[in-house]
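Subject: Structure for you to look at

Hello,

Here is the structure I promised to pass on, with my notes below it.

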Amino acid sequence: MSTNCLFCKIVAGHIPSKKIYEDDLVYAFRDINPQRPVHLLVIPKQHLTSLQQVSAADEPTLGRILSVANQLAVEAGSPGGFRVIINNGEIGCQEVPHLHAHVVGGDQPVGPMLKRLA
Ligand code: AMP
Ligand code: ZN
């Protein structure tokens, strides 16, 4: 656990979350500020800051994050598909420095992938 990390504190149960899934490698919960009807966060239980820091040893955890996404999306109310977004570092506009995959969906298409910069 990284002592000052918000998502490590959520995994440890020190900060409340709306947990929807947990296994040996990952923890999933509802985003506090959902951008779509379904908006989940799937995170590694062990602290990883972003994809900028991962190594081959992290591949089982990274694979698990993706392999549970469909099951969680379907159960949360997005059976027709979903989008996975992982923001990394400053250029990726990552706000919480503990790796997390956003799983977004619902009953309507989530929309264009990125807005073109002005
Ligand atoms: P990112 O910009 O990719 O780092 O996304 C961070 C996400 O974490 C945002 O969608 C926030 O709404 C979400 N978030 C921040 N704090 C919490 C929290 N305590 N519980 C659930 N989601 C959170
Ligand atoms: Zn952390």
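The sheet is open and built from 5 strands in the order 1-2-3-5-4, with antiparallel pairing. Strands here are DSSP runs of E with at least two residues, helices are runs of H or I with at least four residues, and both are numbered from the N terminus; two strands pair if DSSP finds at least two bridges between them. Strand 1 (19-22) and strand 4 (83-85) stand at the edges with a single partner strand each, so one side of each has no neighbour in the sheet. From one strand to the next, the twist averages 20°. Axes are lines fitted to C-alpha atoms, for helices over the stretch in contact, and angles run from 0 to 180 degrees between N-to-C directions.

Before I go on, some ground rules: this is a predicted model, in which local features need pLDDT of at least 70 and side-chain atom pairs count only at pLDDT 80 or more, while totals for chains, interfaces and linings use all residues. Residues are numbered from 1 along each chain as its sequence is written, chains are lettered from A and ligands numbered from 1 in the order in which they are written, and side-chain values use heavy atoms, with hydrogens and water left out.

Strand 5 (residues 101-105) deserves a look. Strand 3 is joined to strand 5 by 5 bridges, and strand 4 by 3 bridges; both pairings run antiparallel. Leucine 41 is opposite histidine 102, valine 84 has valine 103 as its bridge partner, and arginine 83 is opposite valine 104. How much of strand 5 is buried? 5 of its 5 residues are, so the strand is largely enclosed by the rest of the structure. Buried means under 20% relative accessible area, exposed means over 50%, and partly exposed is in between (1.4 Å probe, protein chains only). Ala101, Val103 and Gly105 are buried on one side of strand 5, and His102 and Val104 on the other, which leaves both faces covered.

Helix 2 (residues 59-67) lies across strands 2, 3, 4 and 5, at about 165° to strand 3 (38-44). Helix 3 (residues 69-76) lies across strands 1, 2, 3, 4 and 5, at about 150° to strand 3. Altogether the chain has 3 helices and 5 strands, which follow the pattern α-β-β-β-α-α-β-β along the sequence.

Next, the rings. The whole structure holds 2 aromatic pairs. Rings of Phe, Tyr and Trp (its six-membered ring) pair if their centres lie within 6.5 Å; planes under 30 degrees apart count as stacked, over 60 as edge-to-face and the rest as tilted. Phenylalanine 7 and phenylalanine 29 are edge-to-face, at 5.3 Å centre to centre and 85° between the planes. Phenylalanine 7 belongs to helix 1 (residues 6-11) and phenylalanine 29 to strand 2 (residues 26-30), so this pair ties together parts that are 22 residues apart in sequence. Tyrosine 27 and phenylalanine 29 make a tilted pair, with 5.8 Å between centres and 55° between planes. Phe7, Tyr27 and Phe29 form one aromatic cluster. Phenylalanine 7 is buried, as are tyrosine 27, with a relative accessible area of 6%, and phenylalanine 29, with 4%.

Glutamate 22, in strand 1, is partly exposed at 35% relative accessibility. Leaving aside neighbours within four places in sequence, glutamate 22 is in contact (heavy atoms within 4.5 Å) with Tyr27 and Lys45. Glutamate 22 and isoleucine 43 are 21 residues apart in sequence and 9.6 Å apart in space, C-alpha to C-alpha.

Finally, some overall values:

- Along the principal axes, the C-alpha atoms fill a box of roughly 40 × 35 × 30 Å.
- Of the 118 residues, 36% count as buried.
- Among contacts with a separation of 6 or more, 52% come from residues 24 or more positions apart.
- The chain exposes about 7,500 Å², with 54% supplied by carbon and sulfur atoms; accessible areas come from the Shrake-Rupley method with a 1.4 Å probe, and for residues only the protein chains shown count as cover.

Best wishes
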